[in-house]
Amino acid sequence: VTVWFDHQFLGDGEAYARRSKEFAGHRRGELRESVIATLKTLSENSYRAAEERMRQLADANQIQLVSWHWIVNGFSCYVSKDGLDDLQTVPGVKKIFLARSSIGTRRSDQRRPSVFPVSKEHGSDEQTFDPSRYKHPWYIRYLQADKTWKRLDVSGAGTLNIVIDGNFLFSPNVTGNLYRNAEETPENGIDDDGNGLIDDYHGFNFARGDAVLAARPVGSGRDPGSTHGYQCAAIICGTGSENSPYEFGIAPSASWAGVVVGQNFESAMQWAIEQGADTVSMSFSMPNLGQVRSHWRKMTEHAAFCGVCCASGAGNFAREGSSSYAPIPVQL
């Protein structure tokens with residue numbers, strides 16, 4: 001279950017539009033800092049009020065594996081059927097959402113990989129972008145990104161893009177601008193920056209609880225370049241390489257980090273925000289979420305006030321004959 005406490009930064013369904021007008025004059029970086037502080041304060045206050053009752057339920061084995069989060073003021077946990085009513089007695093609890101899907105992983109993904117945990121060799125110092133060095137795919141021209149590079153000298157420098165997927169493969173086209181967490185030393189097995197995650201240098205695999213982003217090998221006969229995580233990273237900010245005549249990235253001077261989510265989307269979004277992410281690419285769609293759509297909406301609205309632009313799948317469910325056919329998609 002995922003649980004909301006009563007005090008939220010955005011309360012009712014119209015709060016996003018209302019507060020957007022309220023904060024229209026604020027600079028994005030200043031607003032990010034202020035909203036993060038507010039979200040964390042709300043969470044800390046609710047935690048203190050609920051802590052004793054939560055401990056009682058845990059001691060009675062009614063709840064397990066509690067994960068507190070501040071992106072939406074609340075927590076997630078496993079609860080026994082008998083404990084569901086007792087969960088409502090926790091001070092401040094307002095809503096309880098039952099069941100949610102995991103994103104970007106399957107059970108078969110949990111085996112130990114043999115490739116690419118993190119490496120000091122990946123991610124290089126910023127280099128001057130030359131828009132005439134490589135050929136450009138059709139979408140670069142159709143979006144007029146190449147004109148933006150040349151006329152405005154804007155190619156993504158200084159922005160961080162978080163890419164969510166279940167697996168990442170790497171080539172020189174996308175490793176040159178991999179994000180490097182300046183507070184973390186890779187491959188030393190230590191949580192250097194004190195955020196509870198070990199070696200989160202280029203990103204993190206929240207489904208596994210480690211820094212391994214290449215979590216499984218490519219299937220036999222598949223082109224590594226056709227894998228979803230690689231394609232997303234390449235289209236967002238692939239730099240081009242000597243191995244290919246094409247420059248794939250719309251923002252080739254930007255940096256990117258990979259994130260595997262599993263059932264820990266809140267933790268992943270919090271990590272992205274605290275790393276200073278400008279975008280989060282959520283290239284997935286989720287039909288039939290029911291009321292839990294409210295939770296996803298609240299997360300992304302809070303993230304927007306923290307300065308993040310979230311891009312989600314619009315839905316691949318309009319095909320007749322599909323098991324999830326929906327001519328008018330109803331999902332995140």
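Mentor: Let us begin with Trp296, which is buried at a relative accessible area of 3%. Buried here means under 20%, exposed means over 50%, and partly exposed covers the range in between, using a 1.4 Å probe and counting protein chains only. Bear in mind that this is a predicted model, in which local features need pLDDT of at least 70 and side-chain atom pairs count only at pLDDT 80 or more, while totals for chains, interfaces and linings use all residues. Residues are numbered from 1 along each chain as its sequence is written, and side-chain values use heavy atoms, with hydrogens and water left out.

Trainee: OK, and how many helices and strands are there in the chain?

Mentor: The protein chain has nine helices and nine strands, which are DSSP runs numbered from the N terminus (helices are H or I with at least four residues, strands are E with at least two). Of its 332 residues, 45% are buried.

Trainee: Back to the packing, then: which residues have the most contacts inside the largest nonpolar core?

Mentor: Trp296 is one of them, together with Ile162, Phe265, Trp271, Ile273 and Val280, in a core of 43 residues. At least two core residues come from each of helix H2 (28-59), strand S5 (160-164), strand S7 (255-260), helix H8 (265-274), strand S8 (279-282) and helix H9 (293-305). The top contributor is H8, which gives six residues. Another core lies apart from this one and has 14 residues, including Phe168, Leu178, Tyr230 and Ala234. By nonpolar core I mean a set of buried Ala, Val, Leu, Ile, Met, Phe, Trp, Tyr and Cys residues joined through side-chain atoms within 4.5 Å.

Trainee: Switching to charges, how many salt bridges does a search of the whole structure find?

Mentor: The search finds seven, a salt bridge being a side-chain nitrogen of Lys or Arg within 4 Å of a carboxyl oxygen of Asp or Glu. One of them pairs Glu274 with Lys40, at 2.4 Å from N to O. Because Glu274 belongs to helix H8 and Lys40 to helix H2, this pair ties together parts 234 residues apart in sequence. Glu274 is partly exposed at 42%, and Lys40 is partly exposed at 26%.

Trainee: And where do Arg55 and Glu51 lie?

Mentor: They both sit in helix H2, four residues apart, which is about one turn of the helix, and they form a salt bridge whose closest N and O atoms are 3.1 Å apart. Arg55 is partly exposed at 44% relative accessibility, as is Glu51 at 27%.

Trainee: What about aromatics; how many pairs does the structure hold?

Mentor: There are 17 aromatic pairs. In Tyr16 and Phe305 the ring centres are 5.4 Å apart and the planes stand at 80°, so this pair is edge-to-face. It links distant parts of the chain, since Tyr16 is in helix H1 (residues 15-22) and Phe305 in helix H9, 289 residues apart. Tyr16 is partly exposed at 31%, whereas Phe305 is buried at 4%. Phe265 and Trp296 form a tilted pair, 4.7 Å centre to centre with 50° between the planes, and this pair links Phe265 in helix H8 to Trp296 in helix H9, 31 residues apart. Phe265 is buried as well, at 4% relative accessibility.

Trainee: Which cut-offs apply there?

Mentor: Rings of Phe, Tyr and Trp (its six-membered ring) pair if their centres lie within 6.5 Å; planes under 30 degrees apart count as stacked, over 60 as edge-to-face and the rest as tilted. There is also one aromatic cluster, formed by Phe5, Tyr47, Trp68 and Phe75.

Trainee: Last one: where does Asp165 lie?

Mentor: Asp165 is in the loop between S5 and helix H6 (172-175), and at 12% relative accessibility it counts as buried. Its side chain meets that of His228 in a polar contact of 2.6 Å. A polar contact is a pair of N or O atoms within 3.5 Å; within protein, one must be able to donate a hydrogen and the other to accept it, and residues adjacent in sequence count only if both atoms are side-chain atoms.
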